[in-house]
Amino acid sequence: MKTFNLEDCMAMKKGIVFIYPAEGRIDRLLSGGVLKENIGTRGYKGYLQVEIDGKPDRVHRVIWSYVNGQIPKGMMIDHVNGVTDDNRITNLRLVTNSQNQQNRHCAQSNNKLGIKGVSFVPRLGKFEASIQSGGKKTLVGFFESAIDAAKAYALAAASIHTHNPSASA
């Protein structure tokens, strides 16, 4: 028989929810005493979503709020390692939108090359490396190869993007 820690328990309108921040999961005690472990459905971009008191929310937001209180206006919760279903509290941090964008682990979907911070400039026949921080785009330089542009972007990101733990790695 499973034992429950009442400190991890939240009474809800529809049953009881157990939140385990260290494990990054939420369980729900259903009617009849049935425990549904690791509740949540995979939603947009792989984020796990749950319904608490009739309101949908993402699991990482629920866990962070459970531990730290309400998320301040204008702030968001970032997955440090970029894995959207790794909701352990040690992998979650409060950031601004700009800081969250710094921690993107891949190129934006509209990037034709698929290399973060690099684009091809047809009129020059060269690859451009640019970086954005605080809403301002900065040109890193133009390069003969996409690889050289990517290396230059990585160097710039390591010094400019202070909220990306992998930029300095």
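## Helix α1 and H60

H60 is found in helix α1, which spans residues 59-68; helices (H or I, at least four residues) and strands (E, at least two) are DSSP runs, numbered from the N terminus. The model is a predicted one, in which local features need pLDDT of at least 70, side-chain atom pairs count only at pLDDT 80 or more, and totals for chains, interfaces and linings use all residues. Residues are numbered from 1 along each chain as its sequence is written, and side-chain values use heavy atoms, with hydrogens and water left out.

H60 is buried, at a relative accessible area of 5%. Buried means under 20% relative accessible area, exposed over 50%, and partly exposed in between (1.4 Å probe, protein chains only). Apart from its neighbours within four places in sequence, H60 is in contact with Y47, I77, H79, N87 and L92, where contact means heavy atoms within 4.5 Å. The buried residues of α1 include V59, V62, I63 and W64 as well as H60. Just after α1, G69 has a positive phi of about 95°.

## Sheet β5-β6-β7

Three strands in the order β5-β6-β7 form an open sheet with antiparallel pairing; two strands pair if DSSP finds at least two bridges between them. The edge strands, β5 (41-42) and β7 (55-58), each pair on one side only. Helix α1 packs on this sheet and touches β6 and β7, its direction making about 85° with that of β7. Axes are lines fitted to C-alpha atoms, for helices over the stretch in contact, and angles run from 0 to 180 degrees between N-to-C directions.

Strand β6 (residues 48-52) and β7 run antiparallel and are joined by four bridges. Q49 stands opposite R58 in β7.

## Sheet β10-β11-β12

Another open sheet of three strands has the order β10-β11-β12, again with antiparallel pairing. β10 (118-121) and β12 (136-143) are at the edges with a single partner strand each, so one side of each has no neighbour in the sheet. From one strand to the next, the twist averages 35°.

Four bridges join β10 to the antiparallel strand β11 (residues 126-133), and F120 stands opposite F127 in β11. Helix α3 (residues 146-160) lies across β10, β11 and β12, at about 15° to β11.

## L124 in its loop

L124 is found in the loop between β10 and β11. L124 is partly exposed, with a relative accessible area of 40%.
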